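Hello,

Here is the structure we discussed handing over. Please open it first, then read the notes below.

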Amino acid sequence: MLHTRHVLLLFLSFFLYACAHKSDTIDSLQHEHLKQLQSANYLQYLETRASLIRDFSSLCASAVAQGIKNAIACNDIDFLQTQSAANLDKLCALDVPNACFLYATKSHGTIRLTADSLQKACVLGHAEACANLGAITQGDGAKSWLQKACALDNVRGCKALYFALDSSDTQRQDIYYKLLDFGEDSVCEDDGCQIQGHFVQENTLQNACAKGSGMACVAVVRKMRQTPPRYMSEGQRILHKHCFVRHYVPACEELQDIYALQKNADSWFAAGKIACESMFFAQGVLGYEKSPHLCTRVADSIVIDTSSTRLDSPKKQAMLLYKIGCERGNEEKACTNLHELLTRVSLQSP
């Protein structure tokens with residue numbers, strides 16, 4: 001009989017010590033994130049966010065005074081919603097994507113001004129801004145913005161792109177199954193495609209999985225849990241592409257359970273890291289949502305030596321994962337744990 005996910009995770013700490021010795025290279029973008037952690041504002045930001053105090057005005061004002069672009073505190077959506085259009089315009093000039101997006105909705109300016117602000121937000125990686133651009137742009141130009149929105153895992157952008165593409169377009173089916181994986185079953189072509197964990201007929205699930213649905217494949221593999229050998233071999237094979245190629249979060253989380261049973265620490269970490277970084281997960285479908293503690297759990301597994309003040313590779317990886325969990329995933333424990341690491345470890349150490 002298989003243990004449940006929570007039981008499985010109880011014994012992860014006994015074998016994940018191997019992850020502490022990972023020598024993953026840090027790419028240029030990760031270097032930028034590590035550099036951001038050295039900002040004078042960052043510790044104060046963490047203290048503020050972890051304690052759920054949502055007034056970031058002093059932090060943001062300090063960042064603006066220093067001319068810091070894309071300041072963490074300034075990008076907080078709760079803070080930005082209280083700002084005037086004039087302030088949002090200033091923050092947009094500092095490359096704060098959420099500010100550019102909100103400025104477009106608050107400024108009540110010309111269509112050109114709105115489009116310019118949305119375009120900047122989209123270029124900075126704001127998926128909803130890309131979807132909005134696609135909605136207000138005429139002709140074939142709309143598709144390029146919708147393509148970017150969908151690539152950034154925006155459900156609305158993917159759905160608009162799906163209906164904008166000709167039925168003969170080869171990428172339409174990929175987008176169709178991506179929408180199903182988001183839990184967006186309003187695009188269903190038949191009554192049997194609702195992939196929300198309640199299929200009656202096994203062949204319907206198998207067929208959807210074979211055609212490319214990650215959610216259907218997760219459902220197929222979950223049905224194997226009562227037969228551990230099949231679950232660990234066939235389940236791993238079925239889900240590998242959906243996690244490691246498509247970065248589909250539910251597939252990665254299910255794979256983590258399989259890797260935990262196999263006591264495969266490196267693969268457990270790799271799947272968890274992808275799931276933490278990815279925004280591709282089912283939204284609002286019971287049983288498939290992204291775990292609210294995913295980044296924290298993965299980062300915790302590699303911070304084995306809690307007494308050392310040396311900045312080694314595992315601590316760098318943990319900091320980056322905690323940072324994602326705190327800022328993007330709103331995992332309050334990630335904020336607390338990152339704060340603790342930053343106050344104990346010197347970022348200038350070798």
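**Aromatic residues**

Tyr 162, Phe 163, Tyr 176 and Tyr 177 come together in one aromatic cluster. Bear in mind that this is a predicted model. The count of aromatic pairs comes to 6. Take Tyr 176 and Tyr 177: their ring centres are 5.0 Å apart and their planes stand at 75°, over the 60 degrees required, so this pair is edge-to-face. Both tyrosines can be checked for burial. Tyr 176 has a relative accessible area of 4%, so Tyr 176 is buried. Tyr 177 has 8%, so Tyr 177 is buried too.

**The chain overall**

The fold is helical in its assigned elements: the protein chain has 20 helices and 0 strands. The chain holds 350 residues, and 49% of them are buried.

**Helix α16 and its two partners**

Two packed helices are described by the angle between their axes and the distance between the axes.

Start with α14. This helix covers residues 214-222, and α16 covers residues 249-262. Their axes come within 9 Å and cross at roughly 25°. That angle is under 35 degrees, so α14 and α16 are roughly parallel to each other. The crossing of α14 and α16 is left-handed. Which residues make the contact? On the α14 side they are Val 218, Val 221 and Arg 222. On the α16 side they are Pro 250, Ala 251, Glu 254 and Ile 258. By class, this contact of α14 with α16 has 5 nonpolar and 2 charged residues, and no polar ones.

Next is α17, residues 265-277. The axes of α16 and α17 are 8 Å apart, and the angle is about 160°. That is over 145 degrees, so α16 is roughly antiparallel to α17. This crossing is left-handed as well. From α16, the contact takes in Val 249, Cys 252, Gln 256, Tyr 259 and Ala 260. From α17, it takes in Ser 267, Trp 268, Ala 271, Gly 272, Ile 274 and Ala 275. The residues of the contact of α16 with α17 divide into 8 nonpolar and 3 polar, with no charged residue.

**Two single residues**

Is Val 303 buried or exposed? Its relative accessible area is 14%, under the 20% limit, so Val 303 is buried. Val 303 lies in a loop, between α18 (294-302) and α19 (313-327). Leaving out residues up to four places away in sequence, Val 303 touches Ala 318, Tyr 322, Leu 341 and Arg 344. There is also a C-alpha distance to note. Val 303 and Pro 314 are 11 residues apart along the chain, and their C-alpha atoms are separated by 6.6 Å.

Asn 207 sits in helix α13, residues 202-211. Its relative accessible area is 42%, which lies between 20% and 50%, so Asn 207 is partly exposed. Asn 207 and Cys 217 are 10 residues apart along the chain. The C-alpha atoms of Asn 207 and Cys 217 are separated by 9.5 Å.

Best regards

Definitions and conventions
Residues numbered from 1 in each chain as written. Predicted model: local features only at pLDDT ≥ 70, side-chain atom pairs only at ≥ 80, totals over all residues. Heavy atoms only, no water. Axes fitted to C-alpha atoms, helices over the stretch in contact; angles between N-to-C directions. Helix = DSSP H or I, 4+ residues; strand = E, 2+ residues; numbered from the N terminus. Parallel < 35°, antiparallel > 145°, perpendicular 65-115°, else oblique. Left-handed = near helix turned anticlockwise from the far one by under 90°. Contact = heavy atoms within 4.5 Å. Nonpolar A, V, L, I, M, F, W, Y, C, P; charged D, E, K, R; others polar. Phe/Tyr/Trp six-rings, centres within 6.5 Å; stacked < 30°, edge-to-face > 60°. Buried < 20%, exposed > 50% of the residue type's maximum accessible area, 1.4 Å probe, protein only.
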